[in-house]
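This briefing covers one protein model.

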Amino acid sequence: MTAEANPEPDDAIDVILTQWRRERPDLDLSAMGFLGRLSLLTRAVETQVDDMLASHGLGRGEFDVLAALRRSGPPYTQIPSELSAALMMSRAGMTSRLDRLESAGLLQRNLDPADRRSFRVTLTDQGRAIIDATLTDHAATLNRLISGLAPEDVATMTRILRTMLDTVT
């Protein structure tokens with residue numbers, strides 16, 4: 001039941017909306033409720049994903065690099081600029097991530113035989129094992145988080161979120 005139809009607040013967002021509607025009845029606050037809940041949901045999902053990643057010894061940034069290499073297919077190799085572009089981050093930020101992952105033995109950097117001014121980043125066997133195990137747990141975590149939704153609700157939300165992203169980006 002929505003806050004509009006129910007005089008009793010259902011959650012913390014409803015409390016805030018009820019207060020604002022009392023103080024500013026002239027404003028349409030429907031977006032505030034929707035986006036406030038979306039923000040709370042995002043934080044809750046990020047916390048659970050971060051906890052799962054930490055159980056594998058990874059942070060979100062390290063996971064992203066390993067996942068980009070793994071999904072690139074054999075031989076699981078890219079140049080740093082390709083990784084930076086795929087992850088929408090600066091080359092300087094990428095260098096520090098690569099340093100940490102290389103120190104952990106999860107990837108290696110070798111000179112590019114086609115262009116000795118550059119190097120290639122390759123997932124090691126250990127890195128592949130870590131990303132495969134982590135991705136398995138990541139998929140399970142995400143599926144658990146949406147397990148209370150019917151498949152048609154997931155499809156509807158996906159369509160709505162895709163439309164919203166097209167609108168704001």
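R117 counts as exposed, at 78% relative accessibility; exposed means over 50% relative accessible area, buried under 20% and partly exposed in between, with a 1.4 Å probe and protein chains only. The side chain of R117 meets that of D115 in a salt bridge, at 3.0 Å from N to O. A salt bridge here is a side-chain nitrogen of Lys or Arg within 4 Å of a carboxyl oxygen of Asp or Glu. D115 is partly exposed, with a relative accessible area of 25%.

The model is predicted: local features need pLDDT of at least 70 and side-chain atom pairs count only at pLDDT 80 or more, while totals for chains, interfaces and linings use all residues. Residues are numbered from 1 along each chain as its sequence is written, and side-chain values use heavy atoms, with hydrogens and water left out.

**Salt bridges**

- Side chains of opposite charge can pair when their charged atoms come close.
- The whole structure holds 13 salt bridges by this search.
- One of them joins R60 and E46, whose side chains meet at 3.5 Å from N to O. This pair links distant parts of the chain, with R60 in helix α3 (residues 60-71) and E46 in helix α2, 14 residues apart. Helices (H or I, at least four residues) and strands (E, at least two) are DSSP runs, numbered from the N terminus.
- R60 is partly exposed at 36% relative accessibility, and E46 is partly exposed at 33%.
- R128 forms a salt bridge with D132, with the closest N and O atoms 3.8 Å apart. Both residues lie in helix α6, four residues apart, which is about one turn of the helix.
- R128 has a relative accessible area of 34% and is therefore partly exposed; D132, at 28%, is also partly exposed.

**Largest pocket**

- Rolling a probe the size of a water molecule over the atoms shows where empty space is left.
- The largest pocket has a volume of about 650 Å³. Of its 16 lining residues, the closest to the pocket centre are L38, L41, I146, M157 and L161.
- On a 1 Å grid over the protein atoms alone, a pocket is an open set of points where a 1.4 Å probe fits, with protein on both sides within 12 Å along at least five of seven lines; lining residues have an atom within 4 Å of a point. Grid points are joined across faces, edges and corners, and the volume is the space filled by probe spheres set on the points.
- At least two lining residues come from each of α2 (30-54), α6 (125-145) and α7 (151-168). The biggest share is that of α2, with eight residues.
- The lining has eleven nonpolar, three polar and two charged residues. Ala, Val, Leu, Ile, Met, Phe, Trp, Tyr, Cys and Pro count as nonpolar, Asp, Glu, Lys and Arg as charged, and the others, Gly among them, as polar.

**Annotated domain**

- An unreviewed UniProt entry places the feature "domain: HTH marR-type" at residues 31-166. UniProt positions are given in the numbering used here, feature names are shortened, and annotations may be inferred rather than shown by experiment.
- Residues 31-166 are 69% helix and 12% strand, and the end C-alpha atoms of the span lie 17 Å apart.

- T141 lies in helix α6 and counts as buried because its relative accessibility is 9%.
- Apart from neighbours within four places in sequence, T141 is in contact (heavy atoms within 4.5 Å) with Q48 and M52.
- T95 is in helix α5 (residues 91-103) and is partly exposed, at 40% relative accessibility.
- S84 and T95 are eleven residues apart in sequence and 9.3 Å apart in space, C-alpha to C-alpha.

**Backbone details**

- The peptide bond from P74 to P75 is cis, with omega near 10 degrees. P75 sits in the loop between α3 and β1 (77-78).
- Y76, in the loop between α3 and β1, has a positive phi near 60 degrees although Y76 is not glycine. Y76 is buried, at 11% relative accessibility.
- M88 lies in the loop between α4 (80-87) and α5. Phi of M88 is also positive for a residue other than glycine, near 50 degrees, and M88 is exposed at 76% relative accessibility.
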